[in-house]
Amino acid sequence: MSRLLRTGLNAGEAAPMVVVGGEGVYFHLSDGRKLIDGSNTGGGLGHRHPAMVEAIRRAADTPVVNEGWTWIGREQAADDLTATAFKGEEDWVGAVRFCISGSEANDMALSLCQALTQRSALATRERAYHGITGLSRSMTVQPQWHGGLAVHAGGSKLPAPMAPVRILPAPDGAIYGAPANNTPPSEYLADATRLLSDTAATIIDYTQGGIYYDGAYQDEVARCARQAGSYWIADEVVTGAGRAGRWLAFQGAESRPDIVTLGKSLGGGAAAVAAVVVSKNIVERLKGTSWQNYGTLRGHPISMAAVSAYLKVVTGDKILEHVQNLEGLFARRLLAIAQKHPSVQRVAGQGLHWTVELHGPDWRTWHADTTEVPIASRVAERALEAGAVIGTSGEQTSLFLAPPLVISEREATLLLDALDHGLDIADREHG
């Protein structure tokens, strides 16, 4: 019996596949198979990218410098991040603080806003996921991800919430299965300013639960948050650093956040790293204070080397343009797949992150408190037969595609073929 306590992105009790290696966009398994890594938001450049490997090798020959000490590589990574990902944003971007995970970055940002405003309540949108650490756990409102225990005999044992949470309506934006009459956000957010009136921060992201970027929605939320005196945080842990087809998803609209959180691909898949990027206004508010929030391994030299190397590769290899080109392929092919398979209820996405939602029980009723393998996990299991790994985020009826940003058109076609193959099992059950 393994001594490791584990979890997985596909629900059920089946033992996970055993990964022994990887190259490019492929996982190498212990049974000899090579599978396309189709749902790995942390591996923006895939596996063993030579530039990332070399950067990590060089950085391994450096001292262990904790966050309390100045390290030239940390200063360089902050400069590289603002000069590259925030190019053209000089009017508002203020400063960077590095940490280890997206959950941690969101917790840091949310707690900072509570300190600045002396308010406790926080706000997010429906079906959000912001992490499982500290305040980010309270802001995760997908019912199966609560940081507690899902009892297989039924029911959940939850930790106590850390803050009152206000939940805003979400946009739809699907390319397939969207409501016939998609009302403008100014209508369904008409009560937002009142709802946010006692909140320290309003945090929104652009992929979780299959809810993607919507410029008009972002601008309306930003307007309402400002009116309410609530700081607006753009959670770009998934979409930031290129997955949206631009450096940052929020850049597609006019509004600019008070704080941006980054993670996932920021380390190029070679190191665990995240960041909190604050506006010039926040920097001004921090003058005369010390932000009493510390982490020993934040901004570790290896992580900092990974950030600088990743930014250089994305720029030099024109990765953003590549993602933009593949976005069209995914949109066309996923629309055709949805029209072919009656089990598909909804398709939405942007760049190289897409969600395929199946007909079935409402997501609000799914608590993962059973050993029964849900339909989404069974689709993913069948997709393995066709050579690709597809994730479900632990949901019952929802699959997501998020391959490495370096995936080729041929490999992307194989990934979509695998999804097509996997959906046959859902069609049979859908009837």
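Begin the tour by selecting Ala270, which is partly exposed, with a relative accessible area of 33%, where buried means under 20% relative accessible area, exposed over 50%, and partly exposed in between, with a 1.4 Å probe and protein chains only. What you have open is a predicted model, in which local features need pLDDT of at least 70 and side-chain atom pairs count only at pLDDT 80 or more, while totals for chains, interfaces and linings use all residues. Residues are numbered from 1 along each chain as its sequence is written, and side-chain values use heavy atoms, with hydrogens and water left out.

**The loop between β11 and β12**

Ala270 sits in the loop between β11 and β12, helices (H or I, at least four residues) and strands (E, at least two) being DSSP runs numbered from the N terminus. If residues up to four places away in sequence are set aside, Ala270 touches Met52 and Ile56, contact meaning heavy atoms within 4.5 Å.

Now move to Lys264, which lies in the loop between β11 (259-262) and β12 (274-279). Lys264 is partly exposed, with a relative accessible area of 37%, and its phi is positive, near 45 degrees, in a residue other than glycine. Most residues other than glycine have a negative phi. Lys318, in the loop between α9 (301-316) and α10 (319-340), also has a positive phi, of about 55 degrees, although Lys318 is not a glycine.

Select Ala121 next, in strand β5 (residues 121-125). Ala121 is buried, with a relative accessible area of 3%, and it touches Pro164, Arg166, Asp198, Thr199, Ala200 and Ala201, not counting residues up to four places away in sequence. The C-alpha atoms of Ala121 and Met162 are separated by 9.4 Å, with the two residues 41 residues apart along the chain.

Colour helix α3 (residues 102-117), whose 16 residues reach 23 Å from the first C-alpha to the last, close to the 22 Å expected at 1.5 Å a residue; the expected span is 1.5 Å times one less than the number of residues. This helix is mostly covered, as 13 of its 16 residues are buried. Gln118, which follows α3, has a positive phi, near 60 degrees.

**Helix α11**

In helix α11 (residues 375-385), show the side chains of Ile375, Ala376, Ser377, Val379, Ala380, Arg382 and Ala383, which are buried. The buried residues of α11 pack against β14, β15 (388-389), β16 (398-401) and α12 (409-430). Gly387 follows α11 and has a positive phi, near 95 degrees.

Colour the protein by its two parts, domain 1 (19-32 + 329-430) and domain 2 (50-316), bounds that come from an automatic or database domain assignment. Their centres, taken over C-alpha atoms, are separated by 25 Å, and the contact takes 33 residues from domain 1 and 35 residues from domain 2.

Which residues lie nearest the centre of the second largest pocket? Select Arg127, Asp172, Arg346, Trp363 and Arg364, which have that place among the 22 residues of its lining. On a 1 Å grid over the protein atoms alone, a pocket is an open set of points with protein on both sides within 12 Å along at least five of seven lines, a cavity is a set of points where a 1.4 Å probe fits but cannot get out, and lining residues have an atom within 4 Å of a point. Because domain 1 and domain 2 both give residues to the lining, the second largest pocket lies between them. About 380 Å³ of space lies in this pocket, a volume being the space filled by probe spheres set on grid points that are joined across faces, edges and corners. Strands β13 (344-350) and β14 (353-358) each supply at least two residues of the lining.

**The cavity**

The last stop is the largest cavity, which holds about 50 Å³ of space. Its lining includes Arg125, Pro171, Asp205, Tyr213 and Gln218, and β9 (199-205) and α7 (215-228) each supply at least two residues of that lining.
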